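Here is a short report on one protein model. Look over the fold before reading on.

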Amino acid sequence: MKFYKKEDIKLIAKDLKDGKIVAFPTETVMGLGVLATKEEYFKRLCNVKNRHPDKPFTLMVSDIKKLEDILIINDYARKIINNLMPGEITLILKAKENTPYYLDLDTGFIGVRIPKDTFLLELLKEVDEPLLVPSANPSDLSPATNSEEAYKYFKDSIDAIVEGKSISNTPSTVVIIDGINYKILRQGNIKEEDLKRLNMKIAIGSDHGGYEYKQRLIKDLEKENLTIIDCGTNSLESCNYAEFGYEAAKKVAAGEADYAVVICTSGEGISIAANKVKGVRCALLYNDEVAHLAKEHNNSNAIAFGAKFMDYEDVLKRVHIFLNSNFEGGRHEKRVDFIKNIEKNF
């Protein structure tokens, strides 16, 4: 058994790179860390904790980019990551199909943390690989909160302990994200109101031809933890589609909404109006595949529908497809940048 101080980061990182199990203080409780790169390390961690291998361990990283190859990170998840991470929150996200079995254990989900503690962030950067980091305790006992308790639990069954104690002694808030919905599985220092402040905001506008679809869409999306900004119209009385496409698009351009949904009879006129607002890229979602590609390739931030030519069920489905898709970047980013430059020149 080795004992380290927090300043021994390079030595601690070397042990972790060599596949050793190291106990260290986090900002919540003491953790047990091991590389997440091999199944043999996972199995040893299960044995040390006396835990049956049917529940995945949380991954700890310094940067979410290190997990983009195995996790599906949609826009709502990214909002939480950008605003609450690093911090005392564990996000449980959907795993991609190529994820190694021992990381998700066929659950389809993996938990991830980005710690706020300076020592941990420096250690993770030095290791430069994701770590499996459950709490430092046998599965039927309370988590250790300092190095002395960790030693009493594990003694010579692990390889090293970093001296110190956890900061808050409160486990992180655990939140599962499935599409555009979230659920708190364990309450920690990050509360429900912190998540509600980050709810995705959707501005919805329509003319009289899209009014009924707009009203139905508002009711359905408000059930899904989304904040809706109703930009009108407010009746079936004949009106100017361009006015309401413009109002919804303005909310996106001003940063008051994440996306706009605009609806008229055909979807064409109101999308043209929305696209006249600088910074808005409005796509007419005439089938399911286009609903996906509008985000994946075009990074659209507004979507349009034609109520006369689309069933409402298809509209709702395509809104979900769009919101749950992710921009691919790469060659598509260059093309979107070209569009942005057109706006600058005209």
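Which residues in α1 meet which residues in α5?

## The α1/α5 contact

Ile9, Lys10, Ile12, Ala13, Leu16 and Lys17 are the α1 residues, and they meet Phe119, Glu122, Leu123, Glu126 and Val127 in α5. Contact here means heavy atoms within 4.5 Å. Seven residues of this contact are nonpolar, none is polar and four are charged. Nonpolar covers Ala, Val, Leu, Ile, Met, Phe, Trp, Tyr, Cys and Pro; charged covers Asp, Glu, Lys and Arg; the others, Gly among them, count as polar.

Two packed helices are described by the angle between their axes and the distance between the axes. Helix α1 spans residues 9-17 and helix α5 spans residues 118-127. They pack at an angle of about 50°, with axes 9 Å apart. Axes are lines fitted to C-alpha atoms, for helices over the stretch in contact, and angles run from 0 to 180 degrees between N-to-C directions. The pair α1 and α5 is therefore oblique. Under 35 degrees counts as roughly parallel, over 145 as roughly antiparallel, 65 to 115 as roughly perpendicular, and the rest as oblique. The crossing of α1 past α5 is right-handed, a term for a near helix turned clockwise from the far one by less than a right angle.

## Model and overall build

This is a predicted model, in which local features need pLDDT of at least 70, side-chain atom pairs count only at pLDDT 80 or more, and totals for chains, interfaces and linings use all residues. Residues are numbered from 1 along each chain as its sequence is written, and side-chain values use heavy atoms, with hydrogens and water left out.

The protein has 13 helices and 15 strands. These are DSSP runs numbered from the N terminus: helices are H or I with at least four residues, strands E with at least two. Along the principal axes, the C-alpha atoms fill a box of roughly 80 × 40 × 30 Å. Of the 346 residues, 51% are buried. Buried means under 20% relative accessible area, exposed over 50%, and partly exposed in between (1.4 Å probe, protein chains only). Among contacts with a separation of 6 or more, 68% come from residues 24 or more positions apart.

## A parallel sheet

Five strands form an open sheet, ordered β12-β11-β13-β15-β14, with parallel pairing. Strands β12 (227-230) and β14 (282-284) stand at the edges; each has a single partner strand, so one side of each lacks a neighbour in the sheet. Neighbouring strands are turned by 25° against each other on average, direction ignored.

Strand β11 (residues 201-206) runs parallel to β12, and four bridges join them. Two strands pair if DSSP finds at least two bridges between them. Lys201 stands opposite Thr227 in β12.

## Backbone features in loops

Two cis peptide bonds deserve a look. The bond from Met85 to Pro86 is cis, with omega near -5°. Pro86 lies in the loop between α3 (75-84) and β5 (89-94). Gly232 and Thr233 are also joined by a cis bond, with omega about 0°. Thr233 sits in the loop between β12 and α9 (241-253).

Next, positive phi values. Asn50 is not a glycine, yet its phi is near 55°. Asn50 is in the loop between α2 (39-49) and β4 (59-60), and at 58% relative accessibility it counts as exposed. Asp128 has a positive phi of about 65° without being a glycine. Its loop runs between α5 and β7 (131-132). Asp128 is partly exposed, at 43% relative accessible area.
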